Amino acid sequence: MRTSTVAAFIVLVSATSIGSSAVGAREQIASIHLPDAIVDASGSGTFRTVQAAIDAVPQSTSADRRWVILVKPGVYRERIYVQREKRFVSLVGQDPIEATITFDLKASDVGPDGLPIGTYRTPTVTIDADDFAIENLTI
């Protein structure tokens, strides 16, 4: 369970450090190859949810061949879990203002045991994989 706390910190750092350098990084990733998957809530992409796109990442990715998931503008209300085997993935928003991943858990929500779940169990995104990058998304 300690991984969730670390993963939440990594997501926050990635989300807050996406200044002008993120645009250059996105262009660099795009110049390597086109997205392998496109997430669009309206249904015009390869997947409707971010989690479905992450679940579809093959285990054949490598440092030389990252799997790029493009997230189209929209509000994606879902909890995201990136398992350990999903390495070398870039989750790239098309527009950091318009592409948002959110979930509405709060510390006071009641868990299955009838007690408040606390802050520790409220992450929107949990990343257990190494070499996973998030760019141009609001989380």
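The chain contains three helices and eight strands, where helices (H or I, at least four residues) and strands (E, at least two) are DSSP runs numbered from the N terminus. Along the sequence these elements follow the pattern α-α-β-α-β-β-β-β-β-β-β. The model is predicted, so that local features need pLDDT of at least 70 and side-chain atom pairs count only at pLDDT 80 or more, while totals for chains, interfaces and linings use all residues. Residues are numbered from 1 along each chain as its sequence is written, and side-chain values use heavy atoms, with hydrogens and water left out.

The mean pLDDT of the chain, the predictor's confidence in each residue on a scale from 0 to 100, is 83, and 76% of the residues reach 70 or more. Over residues 1-21 the pLDDT is below 50, and this stretch has 20 contacts in the model beyond near neighbours in sequence; a contact means heavy atoms within 4.5 Å. Where pLDDT is low, the predicted coordinates should not be read in detail.

Four strands form an open sheet with parallel pairing, in the order 1-2-5-8. Two strands are taken to pair if DSSP finds at least two bridges between them. Strand 1 (37-39) and strand 8 (132-135) are the edge strands, each pairing on one side only. From one strand to the next, the twist averages 15 degrees; axes are lines fitted to C-alpha atoms, and angles run from 0 to 180 degrees between N-to-C directions.

Strand 2 (residues 67-71) pairs with strand 5 (residues 89-93) in the parallel sense over five bridges. Within this pairing, Val68 stands opposite Ser90, and the bridge partner of Ile69 is Leu91. Strand 2 is also joined to strand 1 by three bridges, again in parallel, and Val39 has Val71 as its bridge partner. Strand 1, helix 3 (residues 50-55) and strand 2 make a right-handed β-α-β unit: with the strands pointing away from the viewer, the path from the first strand over the helix to the second runs clockwise.

Five of the five residues of strand 2 are buried, so this strand is largely enclosed by the rest of the structure. Buried means under 20% relative accessible area, with a 1.4 Å probe and protein chains only. Trp67, Ile69 and Val71 cover one side of the strand, and Val68 and Leu70 lie on the other, all of them buried.

Of the 139 residues in the chain, 36% are buried. The chain exposes about 7,900 Å², of which carbon and sulfur atoms supply 55%, by the Shrake-Rupley method with a 1.4 Å probe.

Definitions and conventions
Buried < 20%, exposed > 50% of the residue type's maximum accessible area, 1.4 Å probe, protein only.
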